[in-house]
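Please look through the structure shown here.

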Amino acid sequence: MSFQTSDLRNRVVGARLQKDGKMPYFYKWQPGDGVRYYDPINFDNYKVSKITASPFFHTLIYPLVELDYQKIIYVWTIIQYVLLCLMTWLIIAMAGSAAKKWAISILCVTLIYTAAWKASIYAMQLYLLIPFLVTLIFWCFNRKKYPLFFMALGGVLSAVLLLIRPNMILFFLPFLFLIDRYSYREILMFSGAAIVMIIACVLPSRQQELWKEYFQSLAEQVRVHQSMGTLQTNPPDPGFKVWEGWDAEKNYRLQRESDVINYSESGNVYILFEKLFHRKIPLGYLTAASLLSILVVFLAYFWKSKQRDGLPNVFMLGFSIYMIADHFSPISRNQYYTVQWFFLLSLAMLIYDHRYRYIYLLLLVGLILNLINSPYIKIEHTLGEYCWLLGFTLLSLFYKTPGPDHFKEKA
């Protein structure tokens with residue numbers, strides 16, 4: 001393996017610390033800790049650790065973290081491909097025509113050639129879990145048989161999504177538009193299952209301590225990314241060369257010799273603003289602009305609510321709102337964040353209608369920009385993402401299904 005895998009390592013170390021009863025989010029390696037907590041990118045002068053995954057995600061990977069790190073890399077790589085295949089299979093299962101099934105399959109193959117996928121594999125990131133869980137929730141909402149069971153399952157999956165990435169709460173705001181589509185019992189099963197799941201994972205005192213420190217660390221991460229992080233003197237890197245099956249020198253050499261290049265861009269609004277105007281945007285203005293953008297999109301949808309159809313629109317709107325906040329984040333986002341769009345791209349194939357061909361053309365342009373690495377376009381991948389953001393926002397506002405049975409129900 002010639003991958004960097006730096007992000008996977010900090011999640012493994014975070015899970016080990018948490019499993020061993022230690023607090024992970026401000027941890028810095030100390031002499032005597034050995035290789036169990038060793039993370040070569042966590043040696044800096046900042047107070048906060050590089051560990052940024054939630055306590056719940058750390059709990060999810062407990063079964064993996066006792067393996068040698070080299071084995072964990074192989075397992076996590078396989079998991080990412082399995083998640084992509086399962087997500088594609090679920091969308092195909094809802095497609096009513098052979099043409100759409102083939103289109104979704106071709107899209108799946110195409111996505112592994114995007115800069116987003118390559119960056120995600122290169123860094124061993126967790127962001128593919130987001131579209132995978134959203135796909136499962138969408139699938140649950142489309143079940144006509146045993147609706148109470150699937151609404152409860154959807155509630156549990158929604159809780160898992162929030163516990164992995166708390167700012168996904170924005171994704172669920174447009175679900176308010178679905179209230180009139182479901183019975184009180186279905187709504188109770190969905191919300192009740194989600195609430196019980198969250199309480200069970202947050203209520204224990206140990207979990208409360210972890211979540212408190214987690215949110216404190218996020219606030220400090222904002223300061224770090226805005227060049228205002230709290231500094232302290234930390235022990236130097238001991239420079240381990242071989243640890244847990246990982247040969248650092250060998251893998252870095254293979255990485256340099258590899259013909260796979262990790263093209264990565266940070267497309268945050270604050271970074272683009274600074275490049276364009278050569279000055280930093282104040283955090284207050286950045287937050288206000290984010291909230292205003294979300295409000296405008298939400299109100300536009302509300303104004304068009306009598307014309308929209310329902311479920312696909314709400315999922316597209318919710319995810320677009322979440323991604324607006326993601327782009328306005330004061331924490332820099334790398335290329336691997338882009339894999340979060342994979343669900344909406346698959347959904348677009350599932351509900352394709354030629355009446356919206358100009359919007360689909362915009363989505364296609366976004367996909368092409370994420371496939372190419374052109375010396376003539378400086379930020380092609382970032383432009384591609386903004387094409388998707390605009391395209392899916394427009395599709396959420398204007399899309400109307402051609403008939404009541406637009407998805408094929410599976411037994």
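## Model and core

This is a predicted model. Its largest nonpolar core holds 120 residues. Phe141, Phe171, Phe315 and Phe392 have the most contacts inside that core.

Phe141 shows how such a residue is surrounded. Neighbours within four places in sequence are set aside here. Phe141 then contacts Met151, Phe175, Leu178, Tyr182, Phe190, Leu311 and Phe315. One of these partners, Phe315, is also among the residues with the most contacts inside the core.

## Helices α3 and α4

Helix α3 spans residues 69-94, and helix α4 spans residues 98-111. Their axes come within 9 Å and cross at roughly 165 degrees. That angle is over 145 degrees, so α3 and α4 count as roughly antiparallel to each other. The crossing is right-handed.

On the α3 side, the contact uses Leu84, Thr88, Ile91 and Ile92. On the α4 side, Lys101, Ile104, Ser105 and Cys108 take part. By class, the residues of this α3 and α4 contact are five nonpolar, two polar and one charged.

## Helices α14 and α15

Helix α14 covers residues 311-327, and helix α15 covers residues 342-350. Their axes come within 11 Å. They cross at roughly 155 degrees. This angle is also over the 145 degree limit, so α14 and α15 are roughly antiparallel to each other. The crossing of α14 and α15 is left-handed.

Helix α14 brings Pro312, Phe315, Met316, Phe319 and Ser320 to the contact. Helix α15 brings Phe343, Leu344 and Leu347. The contact of α14 with α15 divides into seven nonpolar residues, one polar and no charged.

## Methionine 87

Met87 lies in helix α3. Its relative accessible area is 0%, so Met87 is buried. Not counting residues up to four places away in sequence, Met87 touches Pro131, Phe132, Thr135, Phe342 and Phe343.

Met87 and Pro131 are 44 residues apart along the chain. Their C-alpha atoms are separated by 8.0 Å.

## Glutamate 385

Glu385 sits in helix α17, residues 380-398. Is this glutamate buried or exposed? Its relative accessibility is 4%, and buried means under 20%, so Glu385 counts as buried.

Residues up to four places away in sequence are again not counted. Glu385 then touches Met323, His327, Arg333, Thr338, Trp341 and Asn370.

## Valine 269

Val269 belongs to helix α12, residues 269-277. Apart from neighbours within four places in sequence, Val269 contacts Leu286, His327, Phe328 and Tyr386.

Val269 and Tyr62 are 207 residues apart along the chain. A distance of 35 Å separates their C-alpha atoms.

## Positive phi angles

Most residues other than glycine have a negative phi. Two exceptions follow.

Ser227 has a positive phi of about 60 degrees, although it is not a glycine. Ser227 is placed in the loop between α10 (205-225) and β1 (242-243). Its relative accessible area is 56%, so Ser227 is exposed.

His278 is not a glycine either, yet it has a positive phi of about 55 degrees. The loop between α12 and α13 (283-303) holds His278. With a relative accessible area of 69%, His278 is exposed too.

Note on methods:
Residues are numbered from 1 along each chain as its sequence is written. This is a predicted model: local features need pLDDT of at least 70, side-chain atom pairs count only at pLDDT 80 or more; totals for chains, interfaces and linings use all residues. Side-chain values use heavy atoms; hydrogens and water are left out. A nonpolar core is a set of buried Ala, Val, Leu, Ile, Met, Phe, Trp, Tyr and Cys residues joined through side-chain atoms within 4.5 Å. Buried means under 20% relative accessible area, exposed over 50%, partly exposed in between (1.4 Å probe, protein chains only). Contact means heavy atoms within 4.5 Å. Axes are lines fitted to C-alpha atoms, for helices over the stretch in contact, and angles run from 0 to 180 degrees between N-to-C directions. Helices (H or I, at least four residues) and strands (E, at least two) are DSSP runs, numbered from the N terminus. Angles under 35 degrees count as roughly parallel, over 145 as roughly antiparallel, 65 to 115 as roughly perpendicular and the rest as oblique. A crossing is left-handed if the near helix is turned anticlockwise from the far one by less than a right angle, and right-handed if clockwise. Ala, Val, Leu, Ile, Met, Phe, Trp, Tyr, Cys and Pro count as nonpolar, Asp, Glu, Lys and Arg as charged, and the others, Gly among them, as polar.
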